[in-house]
Amino acid sequence: MSRIASPKRTPTLALRQRKAHLLRSFQLPPHLLHASLVERFLKCGKATCRCHSGGPKHGPFFYLNRCFAKGRVQSLLLKSPDQIGQARQSLAAYAQALEVLDQISQINQELLRRGEPLVSSAS
């Protein structure tokens with residue numbers, strides 16, 4: 001998906017057609033996920049391990065982090081490659097849905113700027 005090149009220069013009819021197309025084709029995927037995938041390398045609990053003396057740390061470990069109100073974060077350790085793959089697909093689905101919503105919002109803002117109704121009488 002791409003942004004509209006210059007909504008201020010795009011005719012109102014073209015904006016309405018683009019918006020109608022986006023709304024017709026928009027479906028929320030059931031697997032979308034709003035979070036962050038974090039890859040970490042960590043030191044272990046053994047004081048004599050090489051990771052404590054400048055050697056390579058253990059990992060990678062993949063965590064799914066979700067931020068909530070008041071700075072609270074919930075982390076989930078992803079333990080299998082399948083979980084990591086599912087998380088990546090779900091995060092991509094969320095980003096794609098957000099892009100479509102942003103395009104619709106951008107069109108609506110331009111229609112309002114022009115004094116046009118957001119819902120046309122033909123819709």
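Colleague: Which residue stands opposite C67 in β3?
Modeller: V73 stands opposite C67. Keep in mind that this is a predicted model.

Colleague: How many bridges join β2 to β3, and in which sense do they run?
Modeller: There are 6 bridges between β2 and β3, the latter spanning residues 73–78, and the two strands run antiparallel. Among the facing residues, L64 is opposite L76 of β3, and F62 has L78 of β3 as its bridge partner.

Colleague: What do β2 and β3 form, and how many residues are between them?
Modeller: A hairpin, with 5 residues between the two strands. K70 sits in that loop.

Colleague: Which residues does a cis peptide bond join?
Modeller: G59 and P60, with omega at about 10 degrees. P60 is part of strand β2. Most peptide bonds are trans.

Colleague: Now the helices. At roughly what angle do the axes of α1 and α2 cross?
Modeller: Roughly 150 degrees, and the axes come within 10 Å. Helix α1 covers residues 12–25 and helix α2 covers residues 81–113. Angles over 145 degrees count as roughly antiparallel, which means that α1 is roughly antiparallel to α2.

Colleague: Is the crossing of α1 and α2 left-handed or right-handed?
Modeller: Left-handed.

Colleague: Which residues of α1 and α2 make the contact?
Modeller: On the α1 side, T12, L15, R16, R18, K19, L22 and L23 take part. On the α2 side, the residues are V100, Q103, I104, I107, N108, E110 and L111.

Colleague: And by class, how many nonpolar, polar and charged residues has that contact?
Modeller: The contact of α1 with α2 has 7 nonpolar, 3 polar and 4 charged residues.

Colleague: How many salt bridges does the structure hold?
Modeller: The count is 3 salt bridges. One of them is between the side chains of R16 and E116, at 3.7 Å from N to O.

Colleague: Where are R16 and E116 in the chain?
Modeller: R16 is in helix α1, and E116 is in the segment after α2. They are 100 residues apart, and the pair links distant parts of the chain. R16 is also among the α1 residues in contact with α2.

Definitions and conventions
Residues numbered from 1 in each chain as written. Predicted model: local features only at pLDDT ≥ 70, side-chain atom pairs only at ≥ 80, totals over all residues. Heavy atoms only, no water. Pairing = 2+ DSSP bridges. Helix = DSSP H or I, 4+ residues; strand = E, 2+ residues; numbered from the N terminus. Axes fitted to C-alpha atoms, helices over the stretch in contact; angles between N-to-C directions. Parallel < 35°, antiparallel > 145°, perpendicular 65-115°, else oblique. Left-handed = near helix turned anticlockwise from the far one by under 90°. Contact = heavy atoms within 4.5 Å. Nonpolar A, V, L, I, M, F, W, Y, C, P; charged D, E, K, R; others polar. Salt bridge = Lys/Arg side-chain N within 4 Å of Asp/Glu carboxyl O.
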